[in-house]
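The points are meant to be read beside the sequence and the 3D view.

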Amino acid sequence: MDPSSPSHDDIDEATLTDIELELFVRAMQRRHGYDFSQYAPASLLRRVRQLANSLECGTISGLTSRTLHQPELLPRVLEGLSVPVSDMFRDPRVFRALREQVLPVLASYPRIDIWQAGCAHGEEVYSLAILLEEAGLYERSHIFATDLSTRALQHAQEGIYPAREAQQWSRNYIATGGTRSFADYYSVRYNLLKIDKRLRRNVTFAQHNLVSDKVFCEAHLVLCRNVLIYFSNPLQSHALALFRDSLVRGGFLCLGLRESTDFATTAADFDPFDEPQRIYRRSIHPTAGSKA
């Protein structure tokens with residue numbers, strides 16, 4: 001043994017955890033093609049530990065072994081890593097700004113294509129569909145709702161949620177400037193709330209990986225809220241470049257309230273539209289590295 005090499009006793013618990021996490025990330029990339037190497041380390045470690053506990057793996061190494069040898073677990077692993085958490089009309093001021101400032105601009109287009117990236121369980125997809133419906137724009141709009149997790153997408157496509165959420169979601173809806181009853185958009189049975197199928201008719205759900213996949217569609221509006229906070233700075237810049245290349249000139253980008261374009265390599269490609277609500281427009285004038 002090389003006397004300069006650390007012995008087992010010399011490696012502390014934190015170092016062992018770092019090694020375990022690195023091996024898990026490498027296993028996911030080589031076995032399944034999903035690259036989590038640019039995710040924020042603290043957030044990724046927290047989610048991997050939660051996943052190992054929920055799957056009763058004992059350790060991250062145990063989770064890595066099961067990920068390698070039990071490919072049928074992949075949907076559960078991806079769902080655990082993608083944090084599919086949201087609400088209808090989450091952050092109502094954002095949706096009010098979309099209703100009052102963005103949709104009137106989009107109304108000038110004969111067809112409106114919207115990409116909801118990281119759609120989780122679909123709550124914000126249906127929130128957006130309601131705004132479009134009330135603005136009289138839904139019939140000429142199409143929402144492409146994507147997520148890394150196929151399990152989350154299945155949940156989103158079903159549009160079924162706990163009925164206990166209805167009261168809070170109704171308050172959120174009213175705060176966005178909604179003029180109808182939120183109850184017009186769902187039915188309740190067996191303590192479950194089901195979104196009306198008419199709100200799903202112009203939505204396409206599809207799996208998409210912001211890390212490795214390319215431009216998904218040409219969009220007039222891209223929403224990706226509370227996803228970039230889990231990415232490292234280089235990966236945030238990568239995702240924002242993807243959104244830039246997806247947007248038409250003057251198209252809108254809506255991020256989460258703790259996210260911005262400020263420090264990204266693509267910052268010059270976006271102009272603030274409603275900065276407090278994290279709504280930006282793709283610049284009319286191309287910059288170096290952007291696509292026309």
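In what order do the strands of the open sheet of 7 strands stand?

1. The model is predicted, so local features are given only at pLDDT of at least 70 and side-chain atom pairs only at pLDDT 80 or more, while totals for chains, interfaces and linings use all residues. Residues are numbered from 1 along each chain as its sequence is written, and side-chain values use heavy atoms, with hydrogens and water left out.

2. The order in the open sheet of 7 strands is β6-β2-β1-β7-β8-β10-β9, and the pairing is mixed. Strands here are DSSP runs of E of at least two residues, helices are runs of H or I of at least four, and both are numbered from the N terminus. Two strands pair if DSSP finds at least two bridges between them. At the edges stand β6 (203-207) and β9 (270-274), each pairing on one side only. Neighbouring strands of this sheet are turned by 20° against each other on average, direction ignored.

3. Helix α7 (residues 150-158) packs on this sheet and touches β2 (141-147) and β6. The direction of α7 makes about 165° with that of β6. Axes are lines fitted to C-alpha atoms, for helices over the stretch in contact, and angles run from 0 to 180 degrees between N-to-C directions.

4. Strand β1 (residues 112-117) runs parallel to β7, joined by 3 bridges; glutamine 116 has leucine 223 in β7 as its bridge partner. Strand β7 (residues 219-224) also pairs with β8 in the parallel sense, over 5 bridges, and alanine 219 has leucine 247 in β8 as its partner. Of the 9 residues of β8 (residues 247-255), 8 are buried, where buried means under 20% relative accessible area, exposed over 50% and partly exposed in between (1.4 Å probe, protein chains only).

5. A separate entry is the open sheet of 3 strands, with the order β3-β5-β4 and antiparallel pairing. Because β3 (160-162) and β4 (186-189) stand at the edges with a single partner strand each, one side of each is left without a neighbour in the sheet. The twist averages 30° from one strand to the next. β4 pairs with β5 (residues 192-195) over 4 bridges, and valine 188 stands opposite leucine 193 in β5.

6. Threonine 176 lies in the loop between α8 (166-175) and β4. With 0% relative accessibility, threonine 176 counts as buried. Leaving out residues up to four places away in sequence, threonine 176 touches Phe89, Pro92, Phe95, Arg96, Arg99 and Leu131; contact means heavy atoms within 4.5 Å.

7. In helix α3 (residues 60-69), the buried residues are Ile60, Gly62, Leu63, Thr64 and Thr67. The buried residues of α3 pack against α1 (13-32), α2 (41-54) and α4 (74-82).

8. Apart from neighbours within four places in sequence, glutamate 275 is in contact with Asp262 and Tyr280. The C-alpha atoms of glutamate 275 and leucine 257 are separated by 9.3 Å, with the two residues 18 apart along the chain.
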